[in-house]
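Colleague: I would like to learn how to read a model of this kind, going from single residues to the whole chain. Could we take it step by step?

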Amino acid sequence: MSTATEDVDLVGEEIAANVARAALFAALTGVFAYVSFQLPVTSVPFTLQVLGVFLAGVFLGPVWGAASMVLYVAAGAVGAPVFAYGSAGLGSLFGQWGGYLWSYPFAASLVGLGVHGAGDLADPGSVGLGRLVGAMTVGTVVIYAFGTVGYAVVGDVGLSTAVLAAAVPFVPAEAIKAAATVAIVRSDAVIAR
């Protein structure tokens with residue numbers, strides 16, 4: 001008696017590869033969160049997390065970039081120490097800086113949409129500089145909007161005070177993170193992949 005067997009893929013190779021990439025960028029964003037320090041003008045910490053958001057959107061596109069950041073936020077929510085200063089838990093998501101964290105999936109999706117459009121993923125190295133910078137600018141606006149509103153609500157301060165504390169001090173740093181993203185996208189090591 002012989003039995004015929006066939007290989008059955010429970011998950012397609014493309015989906016498995018995208019999940020792995022999403023997990024990689026979520027982990028990278030968690031590593032970037034450990035670069036955290038306090039600016040003297042605000043209680044909001046400076047971190048490199050936004051660089052991870054930019055990179056996820058640029059390299060994974062709108063759907064998987066957002067999925068990566070959902071994975072990142074979920075990991076932190078259940079206790080993985082991946083937020084600023086190695087913090088974790090729901091307290092971080094609903095605390096003074098939580099608005100930034102909630103924004104990351106939306107921002108990564110918009111960055112990905114700005115870079116790749118709604119169709120297939122383009123080679124990020126071939127995307128024009130204006131399109132890259134424009135996409136990251138839109139992502140930054142979304143991050144600041146969520147972060148500022150969250151800071152205002154949780155900190156019980158006015159919106160203008162929140163803008164001065166939660167957005168304005170970080171504008172130069174976001175420009176540097178955007179420049180770093182462009183440099184990474186244009187680097188020979190990435191293009192040679």
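Colleague: Keeping in mind that this is a predicted model, in which element is the place of Ala23?

Modeller: In this predicted model, Ala23 has its place in helix α1.

Colleague: Is Ala23 buried, partly exposed or exposed?

Modeller: The general idea is to set the relative accessible area against two cut-offs, with buried meaning under 20% and exposed over 50%. Ala23 has a relative accessible area of 33%, and therefore counts as partly exposed. As for its spatial relation to another part of the chain, the C-alpha atoms of Ala23 and Val70 are separated by 9.9 Å, although these residues lie 47 apart along the chain.

Colleague: Where is the place of Thr29, and is Thr29 buried or exposed?

Modeller: Thr29 is also placed in helix α1, which covers residues 13-33, and because its relative accessibility is 0%, Thr29 counts as buried.

Colleague: Which backbone oxygen lies 2.8 Å from a polar atom of the side chain of Thr29, and which residues does Thr29 touch once those up to four places away in sequence are not counted?

Modeller: For the polar side, one looks for pairs of N or O atoms within 3.5 Å; here the backbone oxygen of Phe25 lies 2.8 Å from a polar atom of the Thr29 side chain. Leaving out residues up to four places away in sequence, Thr29 touches Gln49, Gly52, Val53, Met69 and Tyr72.

Colleague: What can be said of burial and surface for the chain?

Modeller: Of its 193 residues, 44% count as buried, and the accessible surface comes to about 9800 Å², with 70% belonging to carbon and sulfur atoms. The C-alpha atoms fill a box of roughly 75 × 40 × 25 Å, taken along the principal axes.

Terms used:
Residues are numbered from 1 along each chain as its sequence is written. This is a predicted model: local features need pLDDT of at least 70, side-chain atom pairs count only at pLDDT 80 or more; totals for chains, interfaces and linings use all residues. Side-chain values use heavy atoms; hydrogens and water are left out. Helices (H or I, at least four residues) and strands (E, at least two) are DSSP runs, numbered from the N terminus. Buried means under 20% relative accessible area, exposed over 50%, partly exposed in between (1.4 Å probe, protein chains only). A polar contact is a pair of N or O atoms within 3.5 Å; within protein, one must be able to donate a hydrogen and the other to accept it, and residues adjacent in sequence count only if both atoms are side-chain atoms. Contact means heavy atoms within 4.5 Å. Accessible areas come from the Shrake-Rupley method with a 1.4 Å probe; for residues, only the protein chains shown count as cover.
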